[in-house]
Amino acid sequence: MSFNFGAGSAQFYTLKGNDIPVSSKVPDENVTTKLADLWQGKLESPWREMLWTEERRGTLRDSISSYKPACEATSEARVLLLGPVGAGKSSFISSVQSAFKGRVTNRAMVGSSSTSFTKKLQLYNINGQSPEQPAALVLCDVMGLGDGEPTGLTLHDALAIIRGHAPEGHKFSAKRTLRSDTVGYVKRPSLKDKIHCVVFVVDASKLSSYTKGLATTFQQLRKHVSDLGVHQVALLTHVDEVCQETARDITQVYQSRTIQKAMTKAGALLGMSTSYIVPVKNYSSELDVDENKDILLLSAVDHILQYVDLYLQDTAITESKISL
């Protein structure tokens, strides 16, 4: 905290970019309260440890670029992103690719309307350190989930994707679900056709406005996906929109009381422990990548791949028992 004294002017308390005028004689009670609230928004120590260094970014890039699935039956990890319209699924895919390219790129088309921009099942091979050798990671994008309205991806179609029946490029419609006679339907999916981890994506700035219908959709999905033995994690996006301190400095994300509370709300919405949820800041209006935003994005990918491997290891064990 610094002080600025000017002749004939009010005093200003400067708190990380917030200039709050204070009487030179008696501090205003409202201002004092505001200062206290600002300080209370930041925790004394981070609730998750994170290294914010260029070396850490490089280590994450190398680790993801060289990743190999923990099962010989598939050569790549296949991850499905699910969430409501505008949560940031497509933006996350583009942001992860940007973190590897070293410049912001919009590989997955992103919309701004209230209806889902993505209609088809689209698969994105993430290019690692070398464009000629993509990482063994495929991020799958699909239309947003509905919440009881006659729009959005249905429970039936979401499970069909996860089971590996949906062909790449299939256009989904709430009025016409995927069936065995659909063109391109994969009748006998192999492990490489199936989804190895489901990632739920929710917007931190909209947690209070999400409907009970959406919460029910999430929890029904989680139950059915769990029955398939597929692990699930979640991304909390737009964290900069709910916390000014985090917007100014993304390295404060794990010291923000506001973000911590948002994580708890997201966990309640999804019916999921916060240990499975990671906050991210997708690239949106930026033209250049940022070291610390990259670290947060790449850490999320690393988190996802841990659960991919758990599923593949479980699958390998089950198959070995069947073959005995």
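## Lys120 and its contacts

Lys120 is in contact with Asp141, Val142, Gly169, His170 and Lys171, leaving aside neighbours within four places in sequence. Contact here means heavy atoms within 4.5 Å. The model is predicted: local features need pLDDT of at least 70, side-chain atom pairs count only at pLDDT 80 or more, and totals for chains, interfaces and linings use all residues. Residues are numbered from 1 along each chain as its sequence is written, and side-chain values use heavy atoms, with hydrogens and water left out.

Where does Lys120 lie? Lys120 is in the loop between helix H3 (89-101) and strand S5 (122-125). Helices (H or I, at least four residues) and strands (E, at least two) are DSSP runs, numbered from the N terminus. Lys120 counts as partly exposed because its relative accessibility is 42%; buried means under 20% relative accessible area, exposed over 50%, and partly exposed in between (1.4 Å probe, protein chains only). Phe172 is 52 residues away from Lys120 along the chain, yet their C-alpha atoms are separated by 6.0 Å.

## The chain as a whole

The protein chain has eight helices and nine strands. Of its 324 residues, 48% are buried. Take the contacts between residues at least 6 apart in sequence: 68% of them join residues at least 24 apart.

## The largest nonpolar core

A nonpolar core is a set of buried Ala, Val, Leu, Ile, Met, Phe, Trp, Tyr and Cys residues joined through side-chain atoms within 4.5 Å. The largest one has 87 residues, and Phe92 and Leu236 touch the most other members. Helix H8 gives the most to this core, with 12 residues.

Not counting residues up to four places away in sequence, Leu236 touches residues including Val202, Leu207, Met263, Ile277 and Val280.

## Thr315 in helix H8

Thr315 sits in helix H8 (residues 291-323). Is Thr315 buried or exposed? Thr315 is buried, because its relative accessible area is 14%. Its side chain reaches the backbone oxygen of Tyr311 at 2.8 Å.

## Lining of the largest cavity

Which residues line the largest cavity? They are Arg78, Leu121, Leu123, Cys140, Ile161, Gly164, Ala166, Asp193 and Ile195. On a 1 Å grid over the protein atoms alone, a cavity is a set of points where a 1.4 Å probe fits but cannot get out, and lining residues have an atom within 4 Å of a point.

Notes. 1 Å grid on protein atoms, 1.4 Å probe; cavity = no way out; pocket = protein on both sides within 12 Å on 5 of 7 lines; lining within 4 Å. Polar contact = N/O pair within 3.5 Å; in protein donor to acceptor, adjacent residues only side chain to side chain.
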